[in-house]
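Reader: I have a two-chain model open and want to go through the interface first. Can you take my questions as they come?

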Amino acid sequence: MPKKTETLNLKREDFASIAQEVLGRGRALRFKAKGGSMSPFIRNGDVVEVVSVNGKINLGDIILYRSSYGNPVVHRVIRRSKESVITKGDSLPSSDQPVLSRQVLGRVVTIQKNGWRIRLGTPTGRLLNVLLATISPFSFLIYPSLRLLKKPISPFTSNASNPCLFRLPHS
Amino acid sequence: MNYLTKSFVKDPNIVSRKIAGEVILVPIRNNVGDLKNIYTLNGVATRIWELIDGKRQPEDIKKVILEEYEIEEEEAEKDLLEFLSQLKEIKAIVASDV
């Protein structure tokens, strides 16, 4: 009998096939993101909503596409040309292989995380996308630094996981 | 509703995929296919799902199940009707006009 399930570890090709069918019908697709290549913007377990791409793909758009190996990938567009787009995971040091339009399944329009909903179709969302695409080549340097700053820093302790910036001299 | 004398078709707002011998159903609600709320069907349920084509009545489906599985007729009918009722509840099937 039908068994309802929230999480199903679909094989990558099955996920891509379902995504293609749902998006091909002009409907949106909502799913939990896996992996950390788009962290911190999209973290493992964040819920993303994807719609089919109508019209052109813009710089900064986060797209769902099939890689040349058939794997579904959600990465950001950092460059465009007539024939293809170049994507990159925000937290990765290098970009992906060029993505042809026939490989593109859809565009991420909403990200739900920690009770928040980020809408990427709004002017603010688009601006944020362009900004993140612009800094993307350096993102693998920037994001770890930001994480470091976010950690509570105590001047009285120093260890590898909680680095001390200002050490008091020992009395 | 007398399910035995009705034919059913798969609702167009359901995407189904057979994976490793089992069918998964992805309902599309409010124009969104939500992979966080999907349904999986076991072996017999998968076979019944395959047999739902808008032409076969549940009586015909029951006959196929009785041929293919070792199950008592009474139990097969009870399970089939319950399954169809559940599929209707989750809006996976609709009564056919045929």
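Reader: How many residues does the contact take from chain B and from chain A?
Author: This is a predicted model. In it, chain B gives 27 residues to the contact and chain A gives 23 residues.

Reader: What is the area buried between chain B and chain A?
Author: About 2,400 Å². Carbon and sulfur atoms give 61% of that area.

Reader: What does the side chain of B:R17 meet in a salt bridge?
Author: The side chain of A:E21, with an N to O distance of 2.9 Å. The rule finds two salt bridges across the interface of chain B and chain A.

Reader: And how many residue pairs are in polar contact there?
Author: Eleven across the interface, counting pairs with both residues at pLDDT 80 or more.

Reader: On to strand pairing. Which strand of chain A is joined to β4(B), and is the pair parallel or antiparallel?
Author: Strand β2 of chain A, residues 28-32, is joined to β4(B) by three bridges, and the two run parallel. A:A28 has B:V32 as its bridge partner, and A:L29 stands opposite B:G33.

Reader: Which strand within chain A does β2(A) pair with?
Author: With β3(A), residues 47-51, through four bridges, and that pair runs antiparallel. One of the facing pairs is A:K32 opposite A:V47.

Reader: Is β2(A) mostly covered or mostly open?
Author: Mostly covered, with four of its five residues buried.

Reader: Zooming out, how many helices and strands does chain A have?
Author: Three helices and nine strands. The order from the N terminus is β-α-β-β-β-β-β-β-β-β-α-α.

Reader: What share of chain A counts as buried?
Author: 40% of its 171 residues.

Reader: Last one: what share of the contacts in chain A join residues at least 24 apart?
Author: 50%, taken among contacts between residues at least 6 apart in sequence.

Technical notes. Residues are numbered from 1 along each chain as its sequence is written. Chains are lettered from A and ligands numbered from 1 in the order in which they are written. This is a predicted model: local features need pLDDT of at least 70, side-chain atom pairs count only at pLDDT 80 or more; totals for chains, interfaces and linings use all residues. Side-chain values use heavy atoms; hydrogens and water are left out. Contact means heavy atoms within 4.5 Å. Buried area is the accessible area (1.4 Å probe) that two parts lose on being put together, summed over both. A salt bridge is a side-chain nitrogen of Lys or Arg within 4 Å of a carboxyl oxygen of Asp or Glu. A polar contact is a pair of N or O atoms within 3.5 Å; within protein, one must be able to donate a hydrogen and the other to accept it, and residues adjacent in sequence count only if both atoms are side-chain atoms. Two strands pair if DSSP finds at least two bridges between them. Buried means under 20% relative accessible area, exposed over 50%, partly exposed in between (1.4 Å probe, protein chains only).
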